[in-house]
Amino acid sequence: MKDLNWIKTLILAIAIMVAGYFVGNMHRLGKKYDRYVQVKGLSEREVDADLAVWPMNISLTGNDLVTLRQDIEGQNQKVVQFFKEQGFTDDELTRGTINVTDARENIYNNSSQFSEYRYLATIEITVRTSDIPRLQKALAESSELISDGVLLGSKNSWRPIEYMYTKLNDLKPEMVEEATKNAREVAEKFARDSQAKVGEIRVARQGLFSISDRDQNTPQIKLVRVVSTIDFQLED
């Protein structure tokens, strides 16, 4: 009977020792896992815009609807002809419908009742193309239309043409890889200062890609940017 109690005590002691070992080992591994550094990696690219949109409008005033419609349709044809002579196709040109407003029906503007011209007619024309140099050339030569009696105006006077970059997916893999390498370089510098080594990636958070103008004077050149936040494990 005494031998049985002794065996039970021995088994209990061994169980406590084993449990203590595992608890201590888990604590040690947990502390080791808590040793990490969080850094940010940057990747940037300068790219040329591959799509441009130029929205324009023609506006005319008058008192006779028939004459006004004929005049604005004539100007519309001149604008379309101008862009075709510049080398643009029908697929790159979008013509809107004619919109006519009656100034005397504007109940919120009393002075409009005394306006010299009763009707205002507008029509929109949009050029959408991937040929950026051709569109810039057309913009520079569009003053010729004024000499031809066409009052062509850009819908956005401060930025007549909107430039876009549509091939972001082609850049993503390479830029994410570069941002990760950049982050590891920063982590390795930190580790050297801390007399440690950089281990595996603990957590990686890919930032959002942004596309912006390189500067205000060259909106056709875009800056693509991504910042990734990565936690690297530190080792002795």
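## Salt bridges across the chain

A salt bridge is a side-chain nitrogen of Lys or Arg within 4 Å of a carboxyl oxygen of Asp or Glu. By this rule the count comes to 16 in this predicted model, in which local features need pLDDT of at least 70, side-chain atom pairs count only at pLDDT 80 or more, and totals for chains, interfaces and linings use all residues. Residues are numbered from 1 along each chain as its sequence is written, and side-chain values use heavy atoms, with hydrogens and water left out.

One of these salt bridges joins Glu46 to Arg214, with the closest N and O atoms 3.6 Å apart. Glu46 belongs to strand S1 (residues 36-48) and Arg214 to the loop between strand S9 (210-213) and S10, so the pair ties together parts that are 168 residues apart in sequence. Helices (H or I, at least four residues) and strands (E, at least two) are DSSP runs, numbered from the N terminus. Glu46 is exposed, at a relative accessible area of 51%, whereas Arg214 is partly exposed at 36%. Here buried means under 20% relative accessible area, exposed over 50%, and partly exposed in between (1.4 Å probe, protein chains only).

## Further charged pairs

The side chains of Glu124 and Lys155 also meet in a salt bridge (3.2 Å, N to O). Glu124 lies in strand S5 and Lys155 in the loop between S6 and strand S7 (162-164), so this pair ties together parts that are 31 residues apart in sequence. Both partners are partly exposed: Glu124 has a relative accessible area of 40%, and Lys155 has 43%.

Within helix H3, Glu141 and Lys137 are four residues apart, about one turn of the helix. Their salt bridge has its closest N and O atoms 3.2 Å apart. Arg45, Glu174 and Glu178 are linked in a network of salt bridges.

## The buried Lys222

Lys222 is found in strand S10 (residues 221-235) and, at 6% relative accessibility, counts as buried. A polar atom of the Lys222 side chain lies 3.0 Å from the backbone oxygen of Tyr163, and the backbone oxygen of Pro219 lies 3.2 Å from a polar atom of that side chain.

Leaving aside neighbours within four places in sequence, the residues in contact with Lys222 (heavy atoms within 4.5 Å) include Arg45, Glu46, Tyr163 and Arg214.

Helix H2 (residues 65-85) has 21 residues and reaches 30 Å from its first C-alpha to its last, close to the 30 Å expected at 1.5 Å a residue; the expected span is 1.5 Å times one less than the number of residues. The buried residues of H2 are Leu68, Ile72, Gln75, Asn76, Val79, Val80, Phe82 and Phe83. Seen down the helix axis, they fall within an arc of 155°, so they line one face of H2; the arc is that of the directions from the helix axis to the C-beta atoms. On the other side, Val66, Gln70 and Glu85 are exposed.

The elements against which the buried residues of H2 pack include strand S2 (51-62), strand S5 (119-129) and helix H3 (132-141). At the start of H2, a side-chain oxygen of Asp64 reaches to within 3.3 Å of the backbone nitrogen of Val66. H2 is followed by Gly87, whose phi is positive, near 105°.

## The chain as a whole

The protein chain has five helices and ten strands. Of its 236 residues, 31% are buried.

Terms used
A polar contact is a pair of N or O atoms within 3.5 Å; within protein, one must be able to donate a hydrogen and the other to accept it, and residues adjacent in sequence count only if both atoms are side-chain atoms.
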